[in-house]
Amino acid sequence: MRRIHGDDLSGLNAVVIGRSNLFGKPMGLLLLAANATVTMAHSKTKDLASVCRNADILVAAVGRPQMVKADWVKPGATVIDVGINRIDAPEKGEGKTRLVGDVAFTEAEEVAGAITPVPGGVGPMTIAMLMANTVIAAYRSAGLEAPRF
Ligand SMILES: NC(=O)c1ccc[n+]([C@@H]2O[C@H](COP(=O)([O-])OP(=O)(O)OC[C@H]3O[C@@H](n4cnc5c(N)ncnc54)[C@H](OP(=O)(O)O)[C@@H]3O)[C@@H](O)[C@H]2O)c1
């Protein structure tokens, strides 16, 4: 998101689908802190597709495989797919499964300006940031100035 929009999201509409304490709410607060205009959507949101179509930045953290379709995505939008869903993959053999996100990646990719894949997007970033935070915590507990990542 920073690579595309910079640190200041002034004037941009961000929609976060999902209001969990684990992800949706903190994501909304981070976007607000970066000056985005934030809409928090959830299971009781009316006409979710049109709410999403207003998003310059669309973050999906729902837990429903491929729920966000291409026509929910504003052309050129930045799409962050947080969902991790395991679905049947008979094409890989009997009883096989594969991971997909909350966004229908192949079709949404045609419309989005940028989109994170699942797997290989938010998941590895989460692990990298966990490691970074662990190093920062270790420096602080040793009374040392922590590095920046
Ligand atoms: N990549 C990562 O590192 C990472 C980290 C955390 C989570 N995840 C993944 O992110 C997804 C969400 O995780 P979570 O812990 O936030 O899940 P959660 O606690 O189950 O929250 C899901 C949210 O989605 C909303 N929702 C459910 N169905 C909906 C629908 N049909 N339309 C609109 N909103 C709907 C719920 O609304 P209500 O509040 O109204 O029920 C809720 O706010 C999961 O797939 C999880 O595996 C990934």
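Is N85 buried or exposed, and at what relative accessibility? At 6% relative accessibility, N85 counts as buried, where buried means under 20% relative accessible area, exposed means over 50%, and partly exposed lies in between (1.4 Å probe, protein chains only). The legends below describe a predicted model, in which local features need pLDDT of at least 70, side-chain atom pairs count only at pLDDT 80 or more, and totals for chains, interfaces and linings use all residues. Residues are numbered from 1 along each chain as its sequence is written, and side-chain values use heavy atoms, with hydrogens and water left out.

Figure 1. N85 is found in strand β5, residues 85–88; helices (H or I, at least four residues) and strands (E, at least two) are DSSP runs, numbered from the N terminus. A polar atom of the N85 side chain lies 3.0 Å from the backbone oxygen of G101. This is a polar contact, defined as a pair of N or O atoms within 3.5 Å; within protein, one must be able to donate a hydrogen and the other to accept it, and residues adjacent in sequence count only if both atoms are side-chain atoms. Leaving aside neighbours within four places in sequence, N85 is in contact with G63, R64, P65, R98, L99, V100, G101 and D102, contact meaning heavy atoms within 4.5 Å.

Figure 2. D81 is placed in strand β4 and, at 2% relative accessibility, counts as buried. The side chain of D81 reaches the backbone nitrogen of V103 at 3.0 Å. Not counting residues up to four places away in sequence, D81 touches A60, G101, D102, V103, T116, V118 and V122. D81 and G121 are 40 residues apart in sequence, and their C-alpha atoms are 7.7 Å apart in space.

**Figure 3. The nonpolar cores.** A nonpolar core is a set of buried Ala, Val, Leu, Ile, Met, Phe, Trp, Tyr and Cys residues joined through side-chain atoms within 4.5 Å. The largest such core has 18 residues, and those with the most contacts inside it are I17, L58, V68 and V73. At least two residues of this core come from each of β1 (13–17), α3 (48–52) and β3 (57–60). The element that gives the most to this core is α3, with three residues. Leaving aside neighbours within four places in sequence, I17 is in contact with A41, L48, C52, L58, V59, A60, A61, V62, M67 and V68. A second, separate core has 14 residues, including A34, V59, A61 and V122.

**Figure 4. The salt bridges.** Three salt bridges are found in a search of the whole structure; each is a side-chain nitrogen of Lys or Arg within 4 Å of a carboxyl oxygen of Asp or Glu. In the pair R2 and D7, the closest N and O atoms are 2.8 Å apart, and both residues are exposed. The side chains of D56 and K74 meet in a salt bridge at 2.7 Å, N to O. D56 lies in the loop between α3 and β3 and K74 in the loop between β3 and β4 (78–81), so this pair ties together parts that are 18 residues apart in sequence. D56 counts as buried at 15% relative accessibility, whereas K74 is partly exposed, with a relative accessible area of 29%. E91 and R98 form a salt bridge in which the closest N and O atoms are 3.3 Å apart. E91 counts as exposed at 57% relative accessibility, and R98 is partly exposed, with a relative accessible area of 32%.

**Figure 5. The two sides of helix α2.** Helix α2 comprises residues 24–33, of which G24, M27, G28 and L31 are buried. These residues cover an arc of only 100° around the axis, which puts them on the same side of α2; the arc is that of the directions from the helix axis to the C-beta atoms. On the other side of α2, L29, L30 and A33 are exposed. The buried residues of α2 are covered by elements including β1, β2 (37–41) and β3. N35, which follows α2, has a positive phi near 80°.

**Figure 6. Span and faces of helix α5.** At 1.5 Å a residue, the 20 residues of helix α5 (residues 122–141) should span 28 Å, and its end C-alpha atoms are 28 Å apart, which agrees. The expected span is 1.5 Å times one less than the number of residues in the helix. V122, A132 and I136 are buried in α5. They cover an arc of only 85° around the axis, which puts them on the same side of α5. The face turned away from the buried side of α5 carries the exposed residues I127, L130, M131 and S141.
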